[in-house]
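This report walks through one protein model, part by part. Have the sequence and the 3D view open as you read.

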Amino acid sequence: MTEQNFDIIVIGGGPGGYVAAIRAAQLGMKTAVVEREHLGGICLNWGCIPTKALLRSAEIYHLLHRLDEYGLKADNIGFDFTKIIQRSRKVSAQLSGGVKHLLKKNKVTVFDGTAKLLGKGKVSVDGKTELKAPHIIIATGARARVLPGLEPDGKLVWSYKEAMVPAEMPRSVLVVGSGAIGVEFASFYRSLGAEVTVAEVMDRIVPVEDAEISAFVRKQFEKQGMKILTSAKVAKLEKSGTNVTAHVEVGGKIEKITVDRVISAVGIAGNVENIGLENTKVKVDRGHIVIDEWMQTAEPGVYAIGDVAGPPWLAHKASHEGVICVEKIKGVADVHPLKAENIPGCTYCTPQIASVGLTEAKAKEKGYQVKVGKFPFIGNGKAIALGEPEGMVKTVFDAKTGELLGAHMVGAEVTELIQGYGIAKTLESTEIELMHAVFPHPTLSEMMHESVLDAYGRAIHF
């Protein structure tokens, strides 16, 4: 094998890996990235970005059917399903090329191939090239979790990949799992006219969200015509040539649901296999690599970031971990550990969901006395002008200190609004700073202010 030496090697070119590599290069480290498939990883090629492109098409199509509300007219409204898929793939290709350019610009060496740890400070690429470095970052990401009996076959039972590039539009879909991936696909296919059923094993959909947000989303989904089954377990799938009959156990009874396609969205599993972990002291727990607050594994000089290192499974979390990891290695003075409670989560279904920090229930579980504020979209002038009056903003404060513990939002554009609360949490803001901040009018962001005011009995517009 040919040998090459680096200061740092990153295994995986996703949103954790390529960001870590660029930051390392900025800090003067000779850096290599090994990527077996696509720069940009799952997020850019098969996740966050292409799904948003699909959802944008569905959103516009949905709005076209509301033209009369806005005093507009159009005839023969329809869609070209093939073009919708093609646009999504084009967006991904463009951004993947952008990542390649950024790595080249920062003088990061990219190796196309499969990496394997060979022992202390050594990585092989396809068994042909040996790379050496005192620091190795594992950023191999994750893949769709597969449950027995729900294995994707690429035809009738889909994972997120097949759901993103179908040959034709299904007339009916069963989505198994109501996390972010599940409800986003449910929204996409429902907006384009498919009959959609969502089956969730927990007692409510989007179960990681605040209970009030979950209830609101369910109500909106059902209003759109979706069928929602909670505390539901898919016991069996019966496939025919063109459709699938799912046996869904709900309340001790079996309900049979026949659909064109089933989408399995039951979580993810870290890519820890076949990367040479057996040649190290790296520990794996429930499919994810165990790390400390600086992303260090049990093997000195080996680190892990992103989805392979466990939840929350978010691209922006992976990127931030990559930066922290590299800066700690380099000895940057002001580097801080990542606080999970300050990481916003966004789900791009219709209506959108966004949150940061503790739910009301979690805050109470932790022993906080809380003050809770709420404000509905119907009380906001901009929301009404947009024709988007369905939604709410909820804030949770420590009643003793005024610390913002959590914020939870559902409705139009909340995925853009949530970062205001994200910054507030990072700055350890209390209700005083948020009350004193001036929010522009007319904007959706005014609801964020009103929700804070409401927690202290001072809401103006509701």
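Buried here means under 20% relative accessible area, exposed means over 50%, and partly exposed lies in between (1.4 Å probe, protein chains only). Helices (H or I, at least four residues) and strands (E, at least two) are DSSP runs, numbered from the N terminus. The model is predicted: local features need pLDDT of at least 70, side-chain atom pairs count only at pLDDT 80 or more, and totals for chains, interfaces and linings use all residues. Residues are numbered from 1 along each chain as its sequence is written, and side-chain values use heavy atoms, leaving out hydrogens and water.

**Strand S15 and its partners**

Start with strand S15, residues 244-250. It is mostly covered, with 5 of its 7 residues buried. Two strands count as paired if DSSP finds at least two bridges between them. S15 pairs with strand S14 and with strand S16. The table sets out both pairings.

| Pair | Residues of the partner | Sense | Bridges | A bridge pair |
|---|---|---|---|---|
| S15 and S16 | S16: residues 253-259 | antiparallel | 7 bridges | Glu249 and Ile254 |

A hairpin of 4 residues joins S14 to S15. The hairpin of S15 and S16 has 2 residues between the strands, and Gly251 there takes a positive phi near 60 degrees.

**The nonpolar cores**

A nonpolar core is a set of buried Ala, Val, Leu, Ile, Met, Phe, Trp, Tyr and Cys residues joined through side-chain atoms within 4.5 Å. The largest one has 37 residues. Phe188, Tyr189, Val196, Phe221 and Ile263 have the most contacts inside it. Several elements each supply at least two of its residues, among them helix H3 (48-64), helix H4 (81-105) and strand S12 (195-199). Which element gives the largest share of this core? Helix H6 does, with 5 residues.

Contact means heavy atoms within 4.5 Å. A second, separate core has 28 residues, including Ile22, Leu44, Val99 and Val108.

**Helix H13**

Is helix H13 (residues 446-455) enclosed or open? Because 9 of its 10 residues are buried, H13 is largely enclosed by the rest of the structure. Among the buried ones are Glu446, His449, Glu450 and Leu453. The cover over them includes strand S24 (370-376), strand S25 (392-398) and helix H11 (414-426). Gly457 follows H13, and its phi is positive, near 70 degrees.
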